[in-house]
Amino acid sequence: MRTLKFEMNRAFHGKWLYISILLGTIIAALDLGLFRIVYGSDKGKVLIQAWLGTNYQFVYNSLFYVLMPLFACLPYAGTYFSDMDSGYDRNICVKTSRFSYMTSKCVASFASGFVAVSIPLLLDLYGAAGLYPDGKPDKLSFLTAGIIDSYLFPELFNGRPWIYILLFIFIDGMFAGLFAVMSVCISRWSRNRFSAVMFPFVVYVLTGVVLDGVSDGCWSVLQMVNPEQPSVTYMYQMVVVYMFTACVSVMVTWFYSRRRDVL
Amino acid sequence: MCERDGYVVLFKKEGCTVNSVTVNKTDGIHIVDLCKKIKGSVILDHVNLIMKPGKIYGLRGKNGSGKTMLMRAVCGLLIPDDGEIIINGETLHRDIRFPRSIGALIENPSFIPEYTGYRNLKMLASLEGGISDSEVCKALSRTGLDPDDSRTFRKYSLGMKQKLGIANAIMGEPDIIVLDEPINALDEETVGVIKSELIKLRDKGKLIIIACHDREELEYLSDTIYEIQNGRIV
């Protein structure tokens, strides 16, 4: 528990977490600001049309969701590489086991990734809720993502938009945490911190592009995490992709936290 | 019983005799036939050592002779290919994953660049538990650093970084203190301070291992000096 506390303390007191949250919040603020400029206080507009996740008419939705792995990995995931590179891991591994260190590093990275992505979305929700009323979106409006029955959670989208939004913020946070853990796992083979942080982003974008062509994007995480739901994704696909990535990451972490030299 | 380089090893039983010294395996460090290869090259070659509490042990040898690797092995950072390291009666990597009470400065001191010296030590103290804020301040003061210094580690001079590394190693007065080239980059005055602190710690019953290139300093500080060549104690 001490090692976990130590890693969490480092993760939540680092400047990169705040920079990451700030960048995400700037994108969210630009989106909401532009929506306000274009539509003013139009009484027909509702919260779910103004929120970053489901407001797809501006570039900011795509920008946020494409950059999501970077926001997740920037705060803390790269520290495993820098700990090894600088020799700081020696300070830790004389006081705790390597397994405990690696596990705590992954948990702290997951938590920081979760927070870095969910805070800007929550702040945007707070801002949008202050400007626009909660209400059922007009299915025929071009402003509405149009989550029909074949998409995920259509009844929530049309009936309880708040829950739909909060559910997707949670899903996005979970995926963001996973990206951060992936970055920690790949650090072992990275030549620098940059490549460790960039790895999940590159995989995310490449698989997004490839799977978009192969399977209409339904297996693509890039499409899955977007509450606008650019393509039809089933729950089982989301669970399979998440569990597969999580299992691979956990196995790699376990493998490298076994008896290994700290050089 | 086996014999290597005239060094008799008889560790398997409690109270055995090595070079006419009766060994009580519950005290200090007992390194038994330790071997380690990294990428095919022999780093430690059948190392046998006994180190008792209340003494300073010096390690001397050329660059690449295996001093640092031996220190890493004692700290639990290196997994032996063969042999064992017994610390206060517990075998490293079998009974314990890392030594219960150890402070180490191995190679270059490395800390979080954005934190002050005090904050860095406080963070590391939290890993161990049982080290109060006053003990953190005391460790800094003992090495000549100001606990209230607001400069971050990034802005420290080479000597200050080294002092912080030593402060980290002696913080909380662990039973075993491992210092690899501790007086590198330190001015004469600080070397004197560090030497007297190490002697005080030895007198309190701490086991101290030092690797140093400076023969005079090593001879002054150490109760026993081991020479290492090509991973072997000679």
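**View 1. B:Ala185 sits in the loop that links β11 and α5 of chain B.** The model is predicted: local features need pLDDT of at least 70 and side-chain atom pairs pLDDT 80 or more, while totals for chains, interfaces and linings use all residues. Residues are numbered from 1 along each chain as its sequence is written, and chains are lettered from A and ligands numbered from 1 in the order in which they are written. Helices (H or I, at least four residues) and strands (E, at least two) are DSSP runs, numbered from the N terminus. B:Ala185 is not a glycine, yet its phi is positive, at about 70°. It counts as partly exposed because 16 C-beta neighbours lie inside 10 Å. Here, buried means 20 or more other C-beta atoms within 10 Å of a residue's own, exposed means 12 or fewer, and partly exposed is in between; C-beta atoms are placed from the backbone.

**View 2. B:Glu181 also belongs to the loop between β11 and α5 of chain B.** Phi of B:Glu181 is positive too, near 50°, in a residue other than glycine. B:Glu181 has 19 other C-beta atoms within 10 Å, so it is partly exposed.

**View 3. An open sheet of 6 strands in chain B runs in the order β10-β11-β12-β7-β13-β14.** Its pairing is mixed. Strands pair if DSSP finds at least two bridges between them. Inside chain B, β7 (residues 56–61) and β13 (residues 224–229) pair in the parallel sense, over 5 bridges. Look for B:Tyr57: it stands opposite B:Thr224 in β13(B).

**View 4. Helix α4 (residues 158–170) of chain B packs on the sheet.** It touches β10 and β11 (176–180) of chain B. Contact means that the C-beta atoms of two residues, placed from the backbone, lie within 7 Å. The direction of α4 makes about 165° with that of β10(B). Helix α5 (residues 188–203) of chain B packs on the sheet as well. It touches β7, β11 and β12 (207–211) of chain B, and its direction makes about 145° with that of β12(B). Axes are lines fitted to C-alpha atoms, for helices over the stretch in contact; angles run from 0 to 180 degrees between N-to-C directions.

**View 5. α1(A) packs with helix α7 (residues 98–131) of chain A.** Two packed helices are described by the angle between their axes and the distance between the axes. Here the angle is about 35°, and the axes are 8 Å apart. The contact residues divide into 7 nonpolar, 4 polar and 3 charged. Ala, Val, Leu, Ile, Met, Phe, Trp, Tyr, Cys and Pro count as nonpolar, Asp, Glu, Lys and Arg as charged, and the others, Gly among them, as polar.

**View 6. Chain A meets chain B through 20 residues, in contact with 23 residues of chain B.** On the chain A side, α1 (2–11) and α6 (88–93) are the elements that give two or more residues. That side has 6 nonpolar, 7 polar and 7 charged residues. As background, chain A comes to 12 helices and 0 strands, and 47% of its 263 residues count as buried.
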